[in-house]
Amino acid sequence: MSKRIADFIFIIIATAILIGFSEYGISEEYIGFSLIPILIAFYLGQFVQRKFKK
């Protein structure tokens, strides 16, 4: 799987999670802060991919 496809899939999943949180009212006041763990996971995944690339 290419990096571009993996990034696109991650963005779709992250968007679905944020929309789900918004629909159920879980993060009404703090929706901006819910983006921080998703961005950390994204950049951590990119780091691991570069570090352990075969």
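Modeller: Before anything else, a residue is called buried when its relative accessible area is under 20%, exposed when that value is over 50%, and partly exposed in between. Please also keep in mind that this is a predicted model.

Biologist: Okay, then is Gln-46 buried or exposed, and why?

Modeller: Gln-46 has a relative accessibility of 14%, and because the cut-off for buried is under 20%, Gln-46 counts as buried. The residue is found in helix 2.

Biologist: And what does Gln-46 touch?

Modeller: If residues up to four places away in sequence are not counted, Gln-46 touches Lys-3 and Asp-7.

Biologist: Where does Lys-3 sit?

Modeller: Lys-3 belongs to helix 1, which covers residues 3-24. Its relative accessibility is 39%, so Lys-3 counts as partly exposed. As for Gln-49, its C-alpha atom is separated from that of Lys-3 by 9.1 Å, although the two residues are 46 residues apart along the chain.

Biologist: Let's step back to the whole chain. How many helices and strands are there?

Modeller: The protein chain comes to two helices and zero strands. Its radius of gyration is 13 Å, well over the 10 Å that the globule rule gives for 54 residues, so the chain is more spread out than a compact globule. Along the principal axes, the C-alpha trace spans about 40 × 15 × 10 Å.

Biologist: What share of the residues is buried?

Modeller: Of the 54 residues in the protein chain, 13% count as buried. The chain exposes about 4,900 Å², and carbon and sulfur atoms supply 70% of that area.

Biologist: Which residues form a nonpolar patch on the surface?

Modeller: The patch is formed by Ile-5, Ile-9, Ile-13, Ile-17, Phe-21, Tyr-24 and Ile-26, and together these residues have about 710 Å² of accessible area. One of them, Ile-26, is found in the loop between helix 1 and helix 2, the latter running over 35-51. With a relative accessible area of 59%, Ile-26 lies over the 50% cut-off and is therefore exposed.

Biologist: New topic, the aromatics. How many aromatic pairs does the structure hold?

Modeller: The structure holds two aromatic pairs. In one of them, the rings of Phe-10 and Phe-42 have their centres 5.4 Å apart and their planes at 35 degrees, so that pair is tilted. Phe-10 lies in helix 1 while Phe-42 lies in helix 2, so the pair ties together parts that are 32 residues apart in sequence.

Biologist: How far are their C-alpha atoms from Ile-17 and Ala-6?

Modeller: The C-alpha atoms of Pro-37 and Ile-17 are separated by 12 Å, with the two residues 20 residues apart along the chain. For Leu-39 and Ala-6, which are 33 residues apart along the chain, the C-alpha separation is 14 Å.

How values were computed: Residues numbered from 1 in each chain as written. Predicted model: local features only at pLDDT ≥ 70, side-chain atom pairs only at ≥ 80, totals over all residues. Heavy atoms only, no water. Helix = DSSP H or I, 4+ residues; strand = E, 2+ residues; numbered from the N terminus. Buried < 20%, exposed > 50% of the residue type's maximum accessible area, 1.4 Å probe, protein only. Patch = residues over 30% accessible without salt bridge, like charges linked within 9 Å, V, L, I, M, F, W, Y side chains within 5 Å. Areas by Shrake-Rupley, 256 points an atom, 1.4 Å probe, with all protein chains shown as cover. Salt bridge = Lys/Arg side-chain N within 4 Å of Asp/Glu carboxyl O. Contact = heavy atoms within 4.5 Å. Rg over C-alpha atoms; globule rule 2.2 N^0.38 Å. Phe/Tyr/Trp six-rings, centres within 6.5 Å; stacked < 30°, edge-to-face > 60°.
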